[in-house]
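Please look over the sequence and the structure shown here before reading on.

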Amino acid sequence: MKTNSLNVLVNDILDLSKISVERLIMEDIVIYDVMMDSIETFMHDLVNKNISLKFDKRNSYCEVKCDYQKLSQVFKNLLSNAIKYNKD
């Protein structure tokens with residue numbers, strides 16, 4: 001258990017060091033646009049596994065200041081895990 005905790009700590013430190021070295025491009029981003037681009041990336045996998053996504057568009061416009069690539073990476077990781085661990 002201690003080894004796992006130590007690995008997590010080391011990985012967190014490495015991630016922080018990467019963030020401090022990388023240049024983030026902060027801009028106004030509409031979250032809906034990033035989500036739709038990320039979903040499009042996985043559309044083939046979603047169709048092949050017969051997975052449907054439900055999204056309530058009524059309150060879909062939300063703008064944030066962030067790095068588009070990093071936010072896109074977060075959504076893609078979530079989608080990838082959802083597809084990977086989806087119960088058939």
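This is a predicted model: local features need pLDDT of at least 70, side-chain atom pairs count only at pLDDT 80 or more; totals for chains, interfaces and linings use all residues.

Among contacts in the protein chain between residues at least 6 apart in sequence, what percentage join residues at least 24 apart? The share is 90%.

The protein chain has a mean pLDDT of 83, and 86% of its residues reach 70 or more. Among its elements, β1 has the highest mean pLDDT, at 93, while α1 has the lowest, at 69.

As for the overall architecture, the secondary structure consists of four helices and two strands. Along the sequence these follow the pattern α-β-α-α-β-α. Of the 88 residues in the chain, 19% are buried. The accessible surface amounts to about 7,500 Å², and carbon and sulfur atoms account for 56% of that surface.

Helix α2, which spans residues 31-41, contributes four of the buried residues: Val-34, Met-35, Ser-38 and Ile-39. Viewed down the axis of α2, these buried residues fall within an arc of 135°, and they therefore line one face of the helix. Their packing partners are β1 (26-30), α3 (43-48) and α4 (68-84).

Leu-6, Leu-9, Val-10, Ile-13 and Leu-14 together make a nonpolar surface patch of about 460 Å². One of these residues, Val-10, lies in helix α1, which comprises residues 2-21. Val-10 counts as partly exposed because its relative accessibility is 41%, a value between the 20% limit for buried residues and the 50% limit for exposed ones.

Technical notes:
Residues are numbered from 1 along each chain as its sequence is written. Side-chain values use heavy atoms; hydrogens and water are left out. Patches are made of residues with over 30% relative accessible area and no salt bridge: like charges are joined within 9 Å, nonpolar side chains (Val, Leu, Ile, Met, Phe, Trp, Tyr) within 5 Å. Accessible areas come from the Shrake-Rupley method with a 1.4 Å probe; for residues, only the protein chains shown count as cover. A salt bridge is a side-chain nitrogen of Lys or Arg within 4 Å of a carboxyl oxygen of Asp or Glu. Buried means under 20% relative accessible area, exposed over 50%, partly exposed in between (1.4 Å probe, protein chains only). The arc is that of the directions from the helix axis to the C-beta atoms. Contact means heavy atoms within 4.5 Å. pLDDT is the predictor's confidence in each residue, from 0 to 100.
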